[in-house]
Structures are given as structure tokens and as C-alpha cells.
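Below are some numbered remarks on the model, written for a reader who will want the cut-offs stated.

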Amino acid sequence: MNLDTIEKTDLWYDTLKCDDGAPNEELRTHLRDEFLKTRDKVSCIVEKIYKDFPNLTLHDITHLDALWRVGDIIAGKDFLKNPLEGFIWGCAVLFHDIALCYDAYKGGKDGIRELSEWKEALTIYKYNNPQIKNEEDCYDAIDFIVIRNLHASKAIDLITQEWTGDNSESFYLIEDVRLRKQYGRTIADIAASHHWSIEDVEYKLASQISPFHPYPQEWSINPQKIACLLRCADAAHLDNGRTPDYLFALLKRDNDSYKYWSAQSNLPQVTIDNTDPSRKTLLFITPNPFEEKDEAAWWVAYDAVIVVSKEISSCNNLLKENGFKVKKVAGSNSPKDLLRYIPTKNWTPSLTNINISDISTLIKKLGGEQLYGSAGDPFSIPLRELIQNGRDAIVAKRFLEPSFEGKINIRVEEKDSETWIIVEDNGVGMSERVLTETLLDFGTSLWYSSLVTKEFPGLISNGFKSKGRYGIGFFSVFMIASEVIVTSKPWEKGRSDAIQLHFRNGLSLRPLRREGPTDDFNSSISTQIKIKLKPDNEYFENGHYIKSKIQINNDPQFSIPFQVYISVIATGLDVDVFTQLNSNPYELAHQNIESESFDKVKWIKDISFIDYREASKENNSFVDKITQFLRPIKEQDKVLGYAAISTIQNRHDWFISFPTVDGLSSTVFGRENNPSIVGYIDRYPEKATREGYNNKPTNETLKKWAEEQLKLLQHESLTNEERGYLSENLSFFNVDPSSIAIIPVCIEGKEYDFTFDEIAELLSSKEIAFIKDSSSKNIDLTTFTEVKQHEQYAFIASKYTASSEFVTPYYWALNEEYLPINPNSLMGCLHRAAIKKGFNPIWKTEENVVRFKDGRIWNLIILSIKN
């Protein structure tokens with residue numbers, strides 16, 4: 001046992017050093033012996049830290065012993081007052097990093113990977129590193145993230161748990177049961193505190209604890225003082241003793257680890273600055289300059305010096321007259337100042353940070369119209385983002401309280417010529433830290449940050465998935481608001497615990513903070529966001545109607561009630577949303593899409609504006625008819641769409657189909673039309689603006705849904721035209737439409753409706769020609785003016801959906817072997833029908849074959865048979 005490093009310090013001399021003539025020497029000796037026994041046991045465990053995580057600088061017993069030396073330099077003589085403080089200090093040092101290895105956790109590596117914290121960290125890591133293809137490649141990195149986050153709080157478990165040695169005998173790290181029970185918690189808290197904020201040190205640790213019997217009354221303990229010494233000594237232990245040369249040369253480290261090893265390997269031991277007559281300045285100094293290739297390592301050293309300086313300053317402020325001898329760190333004023341002590345060679349560090357002089361303006365641009373655009377329907381954007389935030393809070397609470405349903409309330413209040421929009425939810429709410437830090441941290445989403453594991457342990461690992469991703473949605477409110485008031489509290493706390501942020505003049509980086517709720521913040525609310533609309537807003541007309549600003553097909557503009565407007569925004573949301581106009585009763589604007597009593601009739605009428613547009617009146621009967629076929633599209637019991645397959649040509653201005661992203665419509669009026677369906681199919685978000693291009697349901701899920709639609713419609717009385725649209729739409733979802741299909745065919749200027757078998761019969765005398773251009777939609781096949789060998793062709797041009805750009809690339813295409821790519825497209829079905837008739841079908845393409853009166857020339861895909 002080599003105790004040279006420890007025994008040379010005043011910390012040891014003043015507390016645990018043997019002194020035969022001193023009073024209470026027997027008690028001192030016992031404390032010293034128990035500390036040394038604990039040190040022996042801990043040294044065997046911390047040796048494994050390097051084995052488990054070789055990229056870390058050394059955390060073995062040499063590091064722990066060195067903290068006595070570094071702490072001694074910082075504290076000065078007579079800092080620790082008695083043997084009991086010395087024992088607690090020494091044990092806190094031993095336990096502060098002991099849990100940085102697998103053996104500190106039940107089940108070791110496998111046990112770590114079963115923890116909810118591990119699963120949450122993996123989810124967050126994968127989200128923030130989308131380039132990872134094989135998740136097992138990041139398991140070791142996740143192990144370290146989790147152990148680093150947990151190790152400080154693990155001390156109490158390691159102190160109280162029974163260990164088993166190699167000889168199968170059990171033991172405790174602190175052997176004396178009385179010391180373990182009386183001071184184990186204090187030691188553990190001090191050990192854990194090196195990862196706390198200095199504010200937590202002040203509020204969680206006492207400044208004085210009286211000793212238990214039989215220790216003398218004057219042996220009182222100051223946990224705050226010991227904790228401060230530990231955090232400063234740990235921060236200041238920056239020298240080559242933690243990066244032995246043989247290990248530095250032996251190990252191949254990643255870039256991040258290399259710069260930390262390189263920085264510390266170039267630094268001698270910390271000392272006192274002899275040029276300071278008061279000897280109150282800590283000094284990091286090296287004769288070896290950092291070369292240009294070690295620039296990153298120099299900056300690591302600089303940042304470390306700054307951290308040490310801040311820790312010493314904040315601890316001295318807390319301890320006041322009980323503070324350290326050392327008051328400052330040489331070179332901590334600036335990079336130029338530090339160069340006097342940690343020099344560079346042939347390069348000069350410059351603290352030239354990227355500077356944004358007007359952050360609020362930048363956020364307004366990136367979180368407002370510059371991101372989302374100002375055309376179309378800008379009023380829906382902030383409402384959508386706030387609804388999404390409320391939904392995430394409610395669904396998160398469902399994971400914490402399974403019987404909880406939750407709701408979002410949206411009110412419009414008009415008073416004194418001002419219009420306010422108030423959005424409330426009863427979800428998890430926000431703690432002060434989330435409200436004042438994460439909410440205002442532009443680009444940071446709580447749900448994909450490490451803070452979520454602290455605020456809501458187990459939430460992510462239990463399967464919660466947020467709709468919010470980018471951490472910018474809240475800032476969109478300033479597109480429409482001149483004033484914003486945000487009030488929130490954690491859901492399990494009372495109304496008096498609410499914290500309020502008041503943005504009195506639009507977006508400001510210094511909102512007014514108040515404690516306590518507003519008058520209308522009742523106890524059932526978790527979060528309330530009040531928005532005062534800008535005076536020049538033109539969103540409402542004729543009371544509480546919202547006018548479309550988009551002109552469609554020269555139809556007159558129209559207005560819809562606020563309740564319907566919100567219904568469209570929340571099209572596929574899994575939370576109830578209510579609206580209220582002034583003091584009128586609340587109305588259900590949107591019903592939880594997953595509700596067993598979901599009212600699909602009201603829903604489809606709301607989102608299609610049938611009751612509010614003259615142009616919609618003609619599709620009333622169709623919507624009434626198709627509503628009975630609306631069905632949820634589900635995967636793993638989650639609704640990812642609600643739709644019926646279309647049997648008509650969906651017009652863009654009918655508003656009967658559109659995609660959503662995470663259940664929310666990207667716009668109310670300027671929707672993208674999905675011509676194959678009535679209803680919606682959810683998509684993955686591709687951009688922060690909530691544009692999406694790839695369907696969330698898998699192709700297999702969509703196919704099963706379409707097969708169900710076919711069964712429902714097979715016994716309906718459909719016109720030939722409806723069967724034509726239906727067949728092409730079924731094909732798009734890879735469902736064979738042969739049993740129901742009717743296809744229009746033009747032969748020598750006349751149009752006929754045929755089945756696939758009837759078209760196949762024509763192959764004995766005709767070639768079947770498909771007009772493959774996407775812009776051939778709705779052409780009149782009887783208006784050819786020039787056709788090569790006109791008589792030999794039977795023409796098929798989609799009058800329906802499949803010739804649109806929505807499906808054409810997959811629908812009208814041949815593979816390298818000149819066979820239809822989609823076996824259930826019109827071409828694929830006809831190919832099979834020809835084989836069924838005993839023909840040998842052959843496919844080819846011809847360019848510039850057909851000319852129409854308007855001058856357009858079309859290309860053909862031709863099916864013939866081999867004689």
C-alpha cells in the first residue's frame with residue numbers, strides 16, 4: 001500500500017495522521033483504518049474502469065490519491081477540521097467515480113442494457129445520429145453515456161450493497177456497520193454532488209452536521225465544504241499522471257478522446273503561482289508548447305482552466321469565510337493570458353467566436369415566415385405547432401398515467417378591440433427548467449435531449465414518440481402575435497407552482513418571468529399559451545369565420561368557422577381538441593382519431609368544407625355515399641390514416657383527400673390532393689415545415705387496407721366509370737383489380753368499355769397501345785388527327801388517376817426485360833390476361849406516334865403477341 005501521495009498532504013496531517021499523544025486517538029485510528037480498508041477494496045474496482053472504457057483518461061487509485069494532493073493545494077492548511085471530516089472526504093473521493101465501470105451495476109454490461117435509461121439513450125442517440133445503419137455499432141457508446149449519467153448517483157447503492165469476492169465471501173466497501181449507516185448517505189451525497197450545480201450543493205447539502213456518539217462534539221462536519229473541495233480538486237487534476245506515455249502510444253483513440261489525452265499528457269502537475277506574493281493563485285504551466293496539430297488539445301486545456309477558475313470562484317462565494325486558500329487561476333482571463341503558461345508553437349489561438357448581433361431577428365426569420373413561408377395560410381402554422389406541443393404533452397402523460405385521456409382547449413377572446421387566442425392542455429406541463437431553458441433554446445426539442453430522461457424517467461424507453469422534433473415550433477407564434485404569455489406547471493403540482501413567461505412586445509430573449517398563475521389558469525391546466533394577435537391581422541371575418549386566401553379554379557373565395565379550421569389542422573390527431581368563442585360553450589372541433597366512437601361523418605364533412613363552399617355542393621352525394629367505406633389504416637394499433645378508396649376523379653378543389661404529417665395538416669386551404677383516396681394517409685416529416693413525401697403505413701399495410709376496400713365495394717352498384725377509377729386506384733396500392741375492372745378502349749375512333757379478358761381477346765387482331773405520357777389524363781381518344789397504322793391499334797389512355805404524376809412512374813413502366821414493373825397495374829393485369837388466353841405477350845415502346853389537334857405528340861407502350 002503506497003500512501004505517499006496522501007500522507008504528504010495537510011488534509012491527511014490535519015485529520016487522519018497518527019498522533020499517539022492526541023486526545024481521542026483511538027477514534028482517529030479507527031477512522032483511519034476503516035478508510036484504508038475501504039481504499040483497498042475500491043482500488044480493485046476502479047482498476048476496471050480503464051478496462052471497460054479505455055478512451056477515458058485514468059480513473060484508477062492514482063487519480064483518487066492525487067485528489068488529496070490537488071485538494072491540498074487548493075484548500076490550504078486547516079481546511080478540514082477533524083478526523084471525521086477527513087474520513088468522509090477520503091471516502092467521498094473513493095466513491096465519486098467508482099461507478100464508471102460495468103461491475104458497479106447489477107448484471108454488468110447486460111444489466112446496463114436492460115435499464116430504461118439505456119433504452120432511452122439509444123432512442124435519442126439514433127435520432128441525433130441518423131447515419132447509423134446498424135444500431136449495435138453504437139451500443140458501447142450508449143453504455144458509456146448511460147454510465148456517465150448514472151455513476152454519480154450510484155454511490156449510495158455501492159456503499160449499502162453487499163459485495164461478493166473472488167473467494168465467494170461477502171463484504172461491504174465500508175466495513176464498519178456503524179460508520180456505514182451513520183455516514184453512508186452523507187458520503188454518497190457528497191460523492192454524487194460533483195455532478196450537481198453549485199446551487200444544488202447549497203440547497204441539498206447541509207453546512208453543518210453534528211457527529212454521532214461516540215465522536216466528540218467538536219468533530220462536526222460541513223458537507224458543503226467537503227463537496228466544494230471534491231468538485232474543484234476533480235476539475236483541477238489535469239496532468240500527465242492521468243495519461244501515461246505507454247498507454248498514450250499504445251491505444252488508438254477516437255478524435256474526441258485523443259484531444260483530451262493529448263492535452264493532459266502535455267501538462268505537469270498543478271501548483272501554486274510563486275509570482276503571487278499571497279500564494280492564492282493556482283497555476284497550470286508547461287515548458288512544452290502545443291504544435292499546430294494539437295490545436296484542439298490546447299483548447300481542451302484552455303476550457304479546463306476556465307472550468308477550474310469558475311468552480312473555485314463559485315465555491316468560494318458559497319463557502320465565504322470557510323473558503324479555499326486559492327482564489328483564482330493564472331491565465332484564466334483569456335486565451336492570450338493563458339499563452340504565458342501554456343504556450344503554442346507557430347500558431348496563435350484566437351477567441352474569435354461566431355457572433356450573431358441580433359439573435360431575436362435571426363430566430364424570427366428561421367422560426368417564422370422565412371422558414372414556413374407567408375403565402376397561402378400562415379395563420380394555421382402557429383396553431384398547428386401549439387396543437388402538436390399540446391398533443392405531445394398529453395400523450396406523454398398517458399404513459400405516466402395510463403387511464404388518462406387529456407384534451408386541448410383553444411379559445412378565441414375579444415376584448416377592448418384586441419383578439420386573443422388561448423391554447424391550453426392538461427398534459428405533463430413544464431418544469432421551471434424546461435420552461436426557461438429548453439422552450440427558449442431554439443432548435444432543441446425536449447423529447448430528443450438528455451433532459452427528457454431526467455424530467456420523465458422511463459418515458460422514451462416505454463415507447464413514447466413525440467410529434468415535435470426540431471425545437472422551433474413555439475417560435476412560429478410570433479408570426480401572428482404581438483404579445484405572448486406562457487404559463488405552465490408540472491402536472492403533479494398545484495396551481496401555485498405555475499411559472500409564467502411574458503413576451504410583452506413580440507419575441508424577446510428576456511421575457512418577463514413571474515411566479516404563480518394568471519387569473520384564468522385553473523388547476524386542471526398544465527400549460528396555457530395566450531397569444532394576442534397583431535393589430536393588422538386579417539384572419540377573421542364576419543365574426544369568427546376564417547377566409548380562404550387561395551383562389552381555386554376561379555371559384556369564389558369562401559369562409560369557414562374557426563371550429564372547422566381547427567378540425568382540419570388536427571385531421572389525424574390522437575387527442576380531443578375543443579374550441580370556444582368568447583363565452584359560448586366549448587365545441588368538439590376534433591375527436592381523437594383512435595376513439596372507438598369516432599364520428600367519421602362529421603369529420604369528413606368538416607375537413608372537406610362541404611357545408612361552406614358552393615363548389616363543394618356537387619360532391620355532396622359522393623361524400624355521403626363514400627363515408628360508409630371510410631376505414632382506419634392501422635399499424636401496431638396506431639391509426640396512420642383514415643380513408644376510403646376513391647371511385648371518382650378527385651378534383652383538387654373538392655378538399656376530400658390530402659396527406660398529413662404526424663396527424664397534422666400542413667395547411668388548411670392549400671392542400672396537396674391524393675387522387676386515389678378520400679380522407680388522409682399520414683406521412684413522415686421531411687422538413688421542419690412539416691412537408692412529407694413518404695407514407696408512414698408500410699406498403700403491406702396499405703395493401704391490406706385496399707383489399708378490405710375492394711371487398712366492401714365489390715357488391716356495390718358501380719358505374720363503368722366508377723369501376724375504371726377504382727381499378728386504377730386499387731392498382732396503385734398493389735391490389736389486383738381484375739375482378740372489378742372496366743377499362744375504356746378506343747378502336748378506330750370509337751370508345752368501348754372492356755374487361756381485361758375482353759381486351760386480351762383483341763390481341764388476336766390488334767396491338768394494344770398505351771399512351772404513357774402523364775399529361776394524357778382526360779384526353780378524348782376519338783380526336784386523333786394523325787396515327788401511324790391507325791387501324792392496327794386498340795388505344796388505352798387513362799382517363800382516371802393513374803396517368804397523373806402521383807402514380808405514373810410506377811404505373812406506366814417496363815423493367816429491363818420489357819415486362820410491366822407493377823404486376824397489378826393495367827399493363828400487368830393485361831399481361832396476365834394475355835397469358836391466360838394462351839398468348840405470348842411482347843412489349844415495346846414507340847416514340848412520337850400519335851398527334852392530336854392541339855399539336856401534342858404522344859409516345860406509346862405497345863402490347864402485341866408473338867405468332
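**Notes on the predicted model**

1. Glutamate 414 has threonine 419, in strand β7, as its bridge partner. Strands β6 (residues 407-415) and β7 (residues 418-425) run antiparallel and are joined by eight bridges. Helices (H or I, at least four residues) and strands (E, at least two) are DSSP runs numbered from the N terminus, and two strands pair if DSSP finds at least two bridges between them. In the hairpin of β6 and β7 there are two residues between the strands, and aspartate 416 takes a positive phi near 50°.

2. This is a predicted model, in which local features need pLDDT of at least 70 and side-chain atom pairs count only at pLDDT 80 or more, while totals for chains, interfaces and linings use all residues. Residues are numbered from 1 along each chain as its sequence is written, and side-chain values use heavy atoms, with hydrogens and water left out.

3. Strand β6 also pairs with β15 (residues 576-581), in the parallel sense and over six bridges. Here isoleucine 410 has threonine 579 of β15 as its bridge partner.

4. Is glutamate 85, at 2% relative accessibility, buried or exposed? Glutamate 85 counts as buried (buried means under 20% relative accessible area, exposed over 50%, partly exposed in between, with a 1.4 Å probe and protein chains only). Glutamate 85 lies in helix α5 (residues 83-95). Its side chain is joined to that of lysine 225 by a polar contact of 3.4 Å (a pair of N or O atoms within 3.5 Å; within protein, one must be able to donate a hydrogen and the other to accept it, and residues adjacent in sequence count only if both atoms are side-chain atoms). Leaving aside neighbours within four places in sequence, the residues in contact with glutamate 85 (heavy atoms within 4.5 Å) include Phe79, Leu80, Ile221 and Ile226.

5. Valine 270 is in the loop between α14 (255-265) and β3 (271-272), and counts as buried at 5% relative accessibility. Valine 270 and phenylalanine 284 are 14 residues apart in sequence, yet their C-alpha atoms are 5.2 Å apart in space. Beyond neighbours within four places in sequence, valine 270 is in contact with residues including Arg69, Val70, Ile73 and Phe284.

6. How many salt bridges does a search of the whole structure find? The search finds 43, a salt bridge being a side-chain nitrogen of Lys or Arg within 4 Å of a carboxyl oxygen of Asp or Glu. One of them joins the side chains of lysine 77 and aspartate 10 (3.9 Å, N to O). Lysine 77 lies in the loop between α4 (61-75) and α5, and aspartate 10 in helix α2 (residues 10-13), so the pair ties together parts that are 67 residues apart in sequence. Both are partly exposed, lysine 77 with a relative accessible area of 48% and aspartate 10 with 25%.

7. A salt bridge within a helix joins the side chains of aspartate 189 and arginine 185 (3.3 Å, N to O). The two are four residues apart in helix α10 (residues 177-192), which means a separation of about one helical turn. Arginine 185 counts as partly exposed, at 48% relative accessibility.

8. Arginine 340 forms a salt bridge with aspartate 337, with the closest N and O atoms 3.3 Å apart. Arginine 340 counts as exposed at 62% relative accessibility, whereas aspartate 337 is buried, with a relative accessible area of 14%. Elsewhere, salt bridges that share partners join Arg391, Asp392, Asp574, Glu594 and Lys638 into one network.
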